[in-house]
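Here is a short report on one chain and its fold. Keep the sequence and the model in view while reading.

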Amino acid sequence: MRGDAVRGHLDALLLAVLESGPLHGYAIITAVQERSGGALELRTGTVYPALNRLERVGLLTGSWQSVGARRRRCYALTDAGRRTLAGERTAWHEFTSAIGSVLEPRPSA
């Protein structure tokens, strides 16, 4: 899949994998990859700035957790993040329906 395939959809992907509960950055990257069957491989240089931005605008909250000697930042959806995710899903369904209608038109009766 093209590297720019997630352009415009990154925020929705990140919000979606956090819907089931808080995750740290690497787990978020892994979750997107697993859910996509390996088709989507996000780079840390793409994901972490997006997580920081989503936290800044109030769609995520972040907190530091210690695992042994290591610290990692875990992210969770806020109520605003859940509302945004719902809106992103609706927009996605409308978009794929419109594109599908053009790519695979139904025969006229």
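The sections below cover the fold, the sheet, a helix crossing and a pocket.

## Model and overall fold

This is a predicted model, in which local features need pLDDT of at least 70, side-chain atom pairs count only at pLDDT 80 or more, and totals for chains, interfaces and linings use all residues. Residues are numbered from 1 along each chain as its sequence is written, and side-chain values use heavy atoms, with hydrogens and water left out.

The chain has 4 helices and 3 strands. Both are DSSP runs, numbered from the N terminus: helices are H or I with at least four residues, strands are E with at least two. Along the sequence, the pattern reads α-β-α-α-β-β-α. The C-alpha atoms fill a box of roughly 65 × 30 × 20 Å along the principal axes.

The 3 strands make an open, antiparallel sheet in the order 1-3-2. Strand 1 (23–24) and strand 2 (60–67) are at the edges with a single partner strand each, so one side of each has no neighbour in the sheet. Two strands count as paired if DSSP finds at least two bridges between them.

Strand 1 is joined to strand 3 (residues 70–77) by 2 bridges. His24 has Cys74 of strand 3 as its bridge partner. Strand 2 and strand 3 pair over 8 bridges, also antiparallel. Here Trp64 stands opposite Arg73, and Gly62 is bridged to Tyr75. Strand 2 and strand 3 form a hairpin with 2 residues between them. Gly68, in the turn, has a positive phi of about 65°.

## Where helix 2 meets helix 3

Helix 2 (residues 25–35) and helix 3 (residues 44–56) have axes that come within 10 Å and cross at roughly 115°. Axes are lines fitted to C-alpha atoms, for helices over the stretch in contact; angles run from 0 to 180 degrees between N-to-C directions.

Which residues make the contact? Helix 2 brings Gly25, Tyr26, Ile28 and Ile29, and helix 3 brings Thr44, Val47, Tyr48 and Leu51 (contact means heavy atoms within 4.5 Å). By class, that is 6 nonpolar, 2 polar and no charged residues. Ala, Val, Leu, Ile, Met, Phe, Trp, Tyr, Cys and Pro count as nonpolar, Asp, Glu, Lys and Arg as charged, and the others, Gly among them, as polar.

## The largest pocket

The largest pocket has a volume of about 460 Å³, the space filled by probe spheres set on the grid points, which are joined across faces, edges and corners. A pocket is an open set of points on a 1 Å grid over the protein atoms alone, where a 1.4 Å probe fits, with protein on both sides within 12 Å along at least five of seven lines; lining residues have an atom within 4 Å of a point.

Of its 21 lining residues, His9, Ala12, Leu13, Ala16 and Trp92 are the closest to the centre. Helix 1 (10–17), helix 2 and helix 4 (79–103) each supply at least two lining residues. Helix 4 gives the most, with 7 residues. The lining has 14 nonpolar, 4 polar and 3 charged residues.
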